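Thanks for coming. Please look at the model on the screen, and I will go through how some of its parts are arranged.

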Amino acid sequence: MRQPDRHARSLAATAAACAALVLVVVASSAWLRLAAPACPPGGCEGFALADAVRLAHRIAAMGVTVAALVLVALAWKPPARWGMRAAAVLVLLLVAALAIVGRRSAGAAPPAVLLANLLGGLTLLGLAVGLATAARAGPGPVRGAPLVAATILAAAIATGALLATAAPADPAALALAHRGLAWAALVAWGLLALGTGRPRGERLAAGTVAALLATEAVLAIAAPASPSLRWLHNLLSTAAMCAAIACAAGCGAPSPRAADGPREALARP
């Protein structure tokens, strides 16, 4: 695989910046929902921590909009890679949809609005991470095992989001499904990390995902009712999702050393 050209590097850097800003939005929104200290009846005095987090949330959200517009502009430059163009347009559409949903999520928002806001933000983050990884890695096949493991993790996160924002009247079955998917994701990524016949980069990425999921499981067992630890639990889930998507999108591309091997062999006298 040849090294990414200047255009691909610019696209990857912009998508990575967009992902970082979306992560700030998702993390700050979760903190305000789960762990922000409540103000007294007379209101908070001065500029509190929650005010700083809200300000960071708004600035990052504006940055996401700018980054999404730049992504679409870069993706439309030749050479044409229609997958990149479709992903960039989808990022922009999600940003627009979340801006509309976000206006209704302030205060006592309906559960459906909270769920749409949460799942939309996570989908936007996953798209940006995948776009950044694919642009940097270049064309290549998607490896099946990381993709299946990432799908299991995505299902676990989606069921967790549903439990947190719009749980049914009897959430027992959904909670059981969430726990089963979460443990299945941990096992799947652990097996990928231990697979001796797999590329070193894939095993390293899988080990990172497995470590994040294991830490998250320990937190969930140790202190399930702590608001701050619940926020940290969600943050670790989000980080694991990002690492899983990066592995699924980038582990199938051959390394530059492996691709340059045949040319070096031909060049030898």
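How are helix 1 and helix 2 oriented to each other, roughly parallel or roughly antiparallel? They are roughly antiparallel, where an angle over 145 degrees counts as roughly antiparallel and one under 35 as roughly parallel. The two helices pack at about 155°, and their axes are 8 Å apart. An axis here is a line fitted to C-alpha atoms over the stretch in contact, and the angle, from 0 to 180 degrees, is taken between N-to-C directions.

Before I go on, some ground rules. This is a predicted model, in which local features need pLDDT of at least 70 and side-chain atom pairs count only at pLDDT 80 or more, while totals for chains, interfaces and linings use all residues. Residues are numbered from 1 along each chain as its sequence is written, and side-chain values use heavy atoms, with hydrogens and water left out.

Now the overall picture. The protein chain has nine helices and zero strands; helices are DSSP runs of H or I with at least four residues, strands are E runs of at least two, and both are numbered from the N terminus. Of the 269 residues, 39% are buried, meaning under 20% relative accessible area with a 1.4 Å probe, protein chains only.

Back to helix 1 and helix 2. Their crossing is left-handed: the near helix is turned anticlockwise from the far one by less than a right angle, whereas clockwise would be right-handed. The contact, meaning heavy atoms within 4.5 Å, has 21 nonpolar residues, seven polar and one charged. Nonpolar covers Ala, Val, Leu, Ile, Met, Phe, Trp, Tyr, Cys and Pro; charged covers Asp, Glu, Lys and Arg; the others, Gly among them, are polar.

Helix 1, residues 6-34, also packs against helix 8, residues 227-250, at about 155° with axes 9 Å apart. These two are therefore roughly antiparallel as well. The crossing of helix 1 and helix 8 is right-handed. On helix 1 the contact residues include Leu23, Ala27 and Trp31, and on helix 8 they include Pro227, Trp231 and Leu235. By class, that contact has eight nonpolar, two polar and two charged residues.

Last, one residue. Where does leucine 212 lie? It is in helix 7, residues 200-222. Setting aside neighbours within four places in sequence, leucine 212 touches Leu236, Ala239 and Ala240. Histidine 233 is 21 residues from leucine 212 in sequence, and their C-alpha atoms are 9.5 Å apart.

Methods
Angles under 35 degrees count as roughly parallel, over 145 as roughly antiparallel, 65 to 115 as roughly perpendicular and the rest as oblique. Buried means under 20% relative accessible area, exposed over 50%, partly exposed in between (1.4 Å probe, protein chains only).
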